[in-house]
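Visitor: I am new to reading protein structures. Please show me how to read this one, feature by feature.

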Amino acid sequence: MSETTQPSTPETDSEPGRSFGQRILLENVTKRYGGQADAAVDDVTIEIPAGEIVMLVGPSGCGKTTTMKMINRLIEPTSGKIFIGDEDVTHRNADDLRRHIGYVIQGAGLFPHYTVAENIAIVPRLLGWKKDRIAARVDELLELVNLEPAQYRDRYPRELSGGQQQRIGVARALAADPPVLLMDEPFGAVDPITRQRLQDELLRLQEELRKTIVFVTHDFDEAVKLGDRIAILDVGSRIVQYDTPEAILAAPASDFVEGFVGHGAALKQLTLTRVRDVELHEAAVAQVGGDATAAIQDARAKGREWVIVLDDQQRPQRWVSVKELERAGSLTGISRDRDLEVVSTASTLNDALDEMLTSSHGVVVVTGRRNSYQGVVRVETIMQAMQQISSAAAEARPVEP
């Protein structure tokens, strides 16, 4: 189940301040199981900076999930200290601790007999929040994960797609505004396209929320895309290398790390460049319910044949051709195109290129906070940036003697 956080001060009627990430420190943490000669986690020390995403990567059975679960004491450490902020949480009541840490698992783990709203409200209800505050928080979080509250709050998990269920799992974990979020291979059970979109959604949320996130994955490409830092673990959760994705790709610490990174390290460097790092261009834009004639004139002045229509919150809805606008003469009744190719400013250039390959417009729409329109990115821009990255990587390679 997703479990979440609220500051331990008593609830008041005023809106609480937002909780940003706190540092996590594991200090000489060990986990031994009876009857086993070797420790599952052997004397691990690692500091996870506040407000960063740290990816735990390693082969099956190396102890990465055990290490993460000791942070919220779903697994009790045999020895060692675990600090969140300045507090050693190994001495804290475990149930209370877990209500103050977000937890997201593969497959979302939603209660099937609860509605979406009831699933999200579980921890706030346990913390004694008032009904109106819970209802407002549910709607806020649904909007945050890009699901319309009126459309989804009363649905049951069986009525949702796998990607939608996973978004609800993230919303539930964030319900009481935790400083720390633990994610155990949360996107592993969805198809590749949905997985990419969920990764983008997490990066978009993190830009806004700045939580401290510990994320377990077996996928090194996912670690490169999402992580501010990556910890590569061997058996016993022994930390083989702990650094930024850029540093690990540029200088693997050992043959083990090189094997884990795999082939194409130079190509993986391309996933480190974000859409926000390249120049965005302006498309012809119109508003739902706006002046169709003005939209047509704006498109023609810019030499465009298509217009991107935004809703009243500046969220992209669909492309409409100038010819369609001329025939309809109106911008009313514009519905959202669920297949609209969109990336966020936190998406990688590879993600943008993947979306562009399925687009018939030669561009991909870019969104920022709360999915608001930022501009479009063109294929020429992406290719130019990729050439610059490849050239820089080639120049950085050591010269053979």
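Guide: Start with the term pocket: on a 1 Å grid over the protein atoms alone, a pocket is an open set of points with protein on both sides within 12 Å along at least five of seven lines, a cavity is a set where a 1.4 Å probe fits but cannot get out, and lining residues have an atom within 4 Å of a point. This is a predicted model, where local features need pLDDT of at least 70, side-chain atom pairs count only at pLDDT 80 or more, and totals for chains, interfaces and linings use all residues. Residues are numbered from 1 along each chain as its sequence is written, and side-chain values use heavy atoms, without hydrogens and water.

Visitor: Which residues lie nearest the centre of the largest pocket?

Guide: Rolling a probe the size of a water molecule over the atoms shows where empty space is left. Here, 30 residues line the largest pocket, and Asn 146, Arg 167, Arg 197, Arg 336 and Arg 338 lie nearest its centre. Its volume is about 890 Å³; a volume is the space filled by probe spheres set on grid points, joined across faces, edges and corners.

Visitor: Which element gives the largest share of the lining?

Guide: Helices (H or I, at least four residues) and strands (E, at least two) are DSSP runs, numbered from the N terminus. Helix 8 gives the largest share, seven residues.

Visitor: How many residues of the lining are charged, polar and nonpolar?

Guide: Twelve are charged, ten polar and eight nonpolar. Asp, Glu, Lys and Arg count as charged; Ala, Val, Leu, Ile, Met, Phe, Trp, Tyr, Cys and Pro as nonpolar; the others, Gly among them, as polar.

Visitor: Now sheets. What is the order of the open sheet of four strands?

Guide: Strands of a sheet pair through backbone hydrogen bonds, either parallel or antiparallel. Two strands count as paired if DSSP finds at least two bridges between them. The four-strand open sheet has the order 2-1-4-5, with antiparallel pairing. Strand 2 (41-48) and strand 5 are its edges, each pairing on one side only. Five bridges join strand 1 (residues 24-31) to strand 2. Lys 31 has Val 41 as its bridge partner in strand 2.

Visitor: Which strands form the open sheet of three?

Guide: The order is 14-15-16, with mixed pairing. Strand 14 and strand 16 (373-378) are the edges. Strand 15 (residues 363-367) and strand 16 run antiparallel, joined by five bridges. Val 365 stands opposite Val 376 in strand 16.

Visitor: Where is Asn 93?

Guide: Asn 93 sits in the loop between strand 5 (87-88) and helix 2 (94-98).
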